[in-house]
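Colleague: Can you walk me through this one? I would like the strands, the cores, the chain contacts and the charged pairs.

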Amino acid sequence: MKFKKPLLMFCTLALVAMLAACGNKDEGSQGSTSGTNNDTAALSGSVLAVGSTALQPLVEQVAQKFMADPKYSKIQVQVQGGGSGTGLTQVAGGQAAIGNSDVFAEEKLKDADADKAKDLIDHQVAVVGIAAVTNPDVGVDSLTKQQLIDIFSGKVKNWKEVGGKDQAIVIVNRPASSGTRKTFEKYALGTSTEDIKGSIQEESSGTVKKIVAENPGAIGYLALSYLDDKVKTVKYDGVEATVDNVKSGDYPVWHMSICTRRASLNQKLKHSLITWLPMKYKKVT
Amino acid sequence: MKAMKEGHVQIERSRSGKFQKHHMEDLIGRSYTMLCVGLLILIIVSIIYFVASKGLATFIQDGVSLGDFLFGSKWDPEGSQGTPVFGVLPFIFGSFATSLLAALIASPLSICASLFMTEIVPSWGKKLLMPVIELLAGIPSVVYGFVGLTVVVPFLRDTFPGQGIGIAAGAIVLSIMILPTITSIATDALSALPRGLKESSFALGATRWQTISKVILPTVMPAVLTGVVLGMARAFGEALAVQMVIGNAPHIPRSLFESTSTLTSAITLDMGNTVMGSVHSNALWSMALALMFMTFVFVLIVRVLERRNRI
């Protein structure tokens, strides 16, 4: 998986800006999909895209551009949230044409559901970087991987043990099933952690940010798009969490956002939205 | 009874053609209500069937033991240390602790408010206070949660040791939410009280306080308790507002100000991220089944109280 990283170095952070930019590049993308132009000319129908709320704004924007394209004007695209799990379940079950997910289908649909995943094809559309954030007052600028592991596994309970103030550490986690948490555990910690007594779990990144900003001694993790002055972004092993560092491969904590579809999906539709989506981005980068 | 009614219609119809229309209306009305009731029963039965079939799959299909599920205190659905563990005791504890505490805070307030409205200043008290309390019932739970997170949690954090998040914050938010339920039921019971009771108490020379504490309150107690139980049922089922202020750590807390979780908040927290049919998702359904079972128990208690009320 790692070797694909440089290929897909288009970052979600600048997504909106990219969308604005790619609007001008319609002609460029037509060349690459020219083989299907004749098929798509008469396309009509509706497409339902369900899943990750993190990916939803992006897909919504793309869907609007897609529908604005005269070639696809007869196709209605509906975008809904509901979470990565919902997206994968619905696309595997056939209720939705496209499932948006922050986790690969194979990772989520395990054991009994493994068969469902075989029929799904992932399209990688975006990269989301995730950074550890703390309350601005804890006085820590950079944390090593080992320090983060110690904090999130409950071994280190006070900020002074990692060079900060004398302040108890409050962990703000996402739920165990969250894609953001899985990514953070996999790439930043390298191990999965239990929920420690006294730790806080919040369903949305927005609430995590609010709690980390207000609660003295709090530490959490957020997608790069959520970061601002209210929380302190901590360097990971001395590397700053920025779009450029994700692009260059120096900053390792990020995940791929995918749009899945069933392999058996209508042949014509296959060539429309789902290929259209990543196509645009490849052109931009 | 039915035969009598139909016979009655038959006679009237034979007397004059005018009643034909009424007869039709009666028939349409009856079949319409029957249809609605039938649909309602169908919906209820299918919800129960759906939740039960999903919820029981955890035990039948996935082989989680019921004892471990209900009394296990470790919740690790994704198996961070190897095998997934599903113990929902912390959630059950959290649900009971928050709703009981909420009822404890809200009951005295609501009972006093309804006494104020019916006994102490019935003239303007009811006119002024009732709309305000009804307004409380209309505020969406997300607003309560947001206010709780921005006002109650920081206040508790600064006043007491701990993070401010936890059972205390949840109970305070819930107590305001269930205030209208208890108040309106208690007010109804108090206004339905026969005047004679109060008047004879006054005639015997009792003061207002003696009348309220010795005569009125004991008489309306079952009705007030019904209100308290209904309020608790609402608190038990509330998810959003609680989830925002309780912290959601799957552990039994050591203090009122430590992060913990309830059945409802645990379900909403993980719902969107689990895949339908997986063990994790089934475990959430089992928790929903437990919640539904608790609601039945609450309804049962209310029924028993109502029966006592009639005597």
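**Strands, cores and contacts**

Modeller: Five bridges join β4(A) to strand β8 (residues 218-223) of chain A, and the two run antiparallel. Strands pair if DSSP finds at least two bridges between them; helices (H or I, at least four residues) and strands (E, at least two) are DSSP runs, numbered from the N terminus. This is a predicted model in which local features need pLDDT of at least 70 and side-chain atom pairs count only at pLDDT 80 or more, while totals for chains, interfaces and linings use all residues. Residues are numbered from 1 along each chain as its sequence is written, chains are lettered from A and ligands numbered from 1 in the order in which they are written, and side-chain values use heavy atoms, with hydrogens and water left out.

Colleague: Which residue stands opposite Val133(A) in β8(A)?

Modeller: β4(A) and β8(A) run antiparallel. In β8(A), the residue facing Val133(A) is Gly220(A).

Colleague: How many bridges join β4(A) to strand β11 of chain A?

Modeller: β11(A) covers residues 254-262 and runs antiparallel to β4(A). One bridge pairs Gly129(A) with Trp254(A). The number of bridges joining the two strands is nine.

Colleague: Which residue of β9(A) stands opposite Thr134(A)?

Modeller: β9(A) spans residues 232-233 and is antiparallel to β4(A), with two bridges between them. Opposite Thr134(A) stands Lys232(A).

Colleague: How many residues of strand β4 of chain A are buried?

Modeller: Buried means under 20% relative accessible area, exposed over 50%, partly exposed in between (1.4 Å probe, protein chains only). β4(A) covers residues 120-134 and is largely enclosed by the rest of the structure. Of its 15 residues, the buried number is 13.

Colleague: Which residues have the most contacts inside the largest nonpolar core?

Modeller: A nonpolar core is a set of buried Ala, Val, Leu, Ile, Met, Phe, Trp, Tyr and Cys residues joined through side-chain atoms within 4.5 Å. The largest has 70 residues. Apart from it lies another core of 33 residues, including Val156(A) and Leu189(A). In the largest core, the residues with the most contacts are Phe69(B), Trp75(B) and Met287(B).

Colleague: Leaving aside neighbours within four places in sequence, what is Phe69(B) in contact with?

Modeller: Contact means heavy atoms within 4.5 Å. With those neighbours left out, the partners of Phe69(B) are Phe59(B), Val64(B), Phe86(B), Gly87(B), Val88(B), Leu89(B), Ala283(B), Ser286(B) and Met287(B).

Colleague: What percentage of residues 128-153 of chain B is helix?

Modeller: An unreviewed UniProt entry lists this span among the transmembrane regions of chain B; such annotations may be inferred rather than shown by experiment, with positions in the numbering used here and feature names shortened. Its end C-alpha atoms lie 30 Å apart.

Colleague: What area do chain B and chain A bury between them?

Modeller: Buried area is the accessible area (1.4 Å probe) that two parts lose on being put together, summed over both. Here, 35 residues of chain B are in contact with 34 of chain A. Carbon and sulfur atoms account for 51% of the buried area, which is about 2700 Å².

Colleague: Which side chains meet in a salt bridge at 3.4 Å, N to O?

Modeller: A salt bridge is a side-chain nitrogen of Lys or Arg within 4 Å of a carboxyl oxygen of Asp or Glu. Across the interface of chain B and chain A, the rule finds one. The side chains at 3.4 Å are those of Glu194(A) and Lys74(B).

Colleague: How many residues apart in sequence are the parts tied together by Asp141(A) and Lys232(A)?

Modeller: Their side chains meet in a salt bridge at 2.8 Å, N to O. Asp141(A) lies in the loop between β4 and β5 (142-143) of chain A and Lys232(A) in strand β9 of chain A, so the pair ties together parts whose separation in residues is 91.

Colleague: Is Lys209(A) buried or exposed?

Modeller: Lys209(A) forms a salt bridge with Asp228(A), with the closest N and O atoms 2.8 Å apart. Asp228(A) is partly exposed, at 31% relative accessible area. At 16% relative accessibility, Lys209(A) counts as buried.
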